[in-house]
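Dear colleague,

I am handing over the structure we discussed, and below it I set out what was found. Please look through it with the notes beside you.

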Amino acid sequence: MTQPKLPEQMTAVHLQTYSGAAGLQIVQCPVPQPGPKEVLVKVAASPLNPSDLSFLQGRYGFQKPLPTIPGFEGSGTVVAVGRDTGLMGRFLLGKRVACVTQQQGDGLWAEYVATSVNYALPLLGAVGLEEGAMSVVNPVTAVALIDIAKKAGHKTVLNTAGASVLGLMLHRLGQQEGIEVVNIVRRAEQVEQLNAQGMHTVLNSSDPHFAEHLHDLCHQQNIRLAFDAIAGDTPQQLLAAMPNHSRVTVYGNLAQQDLALTSGGLIFQGKSVDGFWLTRWVGQKSFLPSLLMWRRAQTLLLTALKTEVRARYPLDQAQQAVADYEATMSGGKVLLVVGE
Ligand SMILES: NC(=O)c1ccc[n+]([C@@H]2O[C@H](COP(=O)([O-])OP(=O)(O)OC[C@H]3O[C@@H](n4cnc5c(N)ncnc54)[C@H](OP(=O)(O)O)[C@@H]3O)[C@@H](O)[C@H]2O)c1
């Protein structure tokens, strides 16, 4: 396939200051040229994830020089390939891909993005561009966390922020893999919402008897692994409820607070806390297992790893989209719809 003629300018969202939605501006800027080992993707859609909110505030695991284009994942079509992309580059030209961005360079809240040839993942025919846009960060994390639980021999695990898209995926994938995921939420409506989806063991952290119920459940069912998306004092609450030699794996910081831990459980009861970051987990895998895992995740996008979309915004309404997502995070993703 030959490379289509591309425009010189594009619409993009620039983050001008690390100050959340207020730091965003819609700009016209040059369409990027794919560098060596890069492809150029015409962007179709990109979701808002908690990692994007943290990045906009300058609180993510890294910062980029400003201005920069945010957006860690999305989908689109490969319209140009750079030097040294080899067979893979030729294969990808014209293909619909899911796409993630790099620690260096711009993100996906733009009409075009240049990214590493290794970060453009071809979509299966049955996967639409909207589903493809949300097919990496949460689906692959769900696969990873269930894999971690399974390899360590756990039958039941806890998960916090259980009404999140990832929480629902973990529960459904866990069911398929023989692992029960007990989701913990923070509001009564979320308990009802999850019950309506067939999840019957759901705990509400706002319930006055929460700590007691959690302790009883963990001891009755010997629950020794918890996945935590909240941080702050939540890992301590989970550790306190679980039996000796339990572990909390922190994978999010929705509370925007550092951990508040007491040392006794760690020293005398063999309890522990560690962290999970998808980028690090995938980086430890070699090419073939990563590819197989990616294909498997795609086949589950319409079932166990399905993502509901709560709202769609055009690119030039990125500020409103961020404000909407910050105000209401449960109930499905907010998606920036960029092009076809
Ligand atoms: N480490 C990694 O590699 C990795 C990868 C993927 C996802 N994650 C993390 O996974 C988590 C879920 O992501 P998602 O995209 O599935 O989220 P999402 O669908 O946007 O949902 C976020 C959920 O978090 C709840 N929440 C927000 N602030 C909270 C707080 N302070 N305490 C308790 N609950 C709170 C919201 O409930 P309300 O409606 O009550 O606000 C909502 O149900 C996030 O922490 C994200 O950063 C991490």
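In strand E15, Leu335 is the bridge partner of Arg312. This is a predicted model, in which local features need pLDDT of at least 70 and side-chain atom pairs count only at pLDDT 80 or more, while totals for chains, interfaces and linings use all residues. Residues are numbered from 1 along each chain as its sequence is written.

The pairing belongs to strand E14 (residues 309–314) and strand E15 (residues 333–337), which run in the parallel sense over five bridges; strands pair if DSSP finds at least two bridges between them. From E14 the chain passes through helix H12 (residues 318–327) to E15 in a right-handed β-α-β crossover, meaning that, with the strands pointing away from the viewer, the path from the first strand over the helix to the second runs clockwise. Helices (H or I, at least four residues) and strands (E, at least two) are DSSP runs, numbered from the N terminus.

The chain is divided into domain 1 (9–134 + 308–337) and domain 2 (144–279), with bounds from an automatic or database domain assignment. Their centres, taken over C-alpha atoms, are separated by 30 Å.

Around the ligand there are 24 residues, the closest being Ser164, Leu166, Gly252, Leu278 and Ser330; a residue counts as near if its C-beta atom, placed from the backbone, lies within 6 Å. Helix H4 gives this shell its largest share, three residues, and at least three residues come from each of domain 1 and domain 2.

With best wishes
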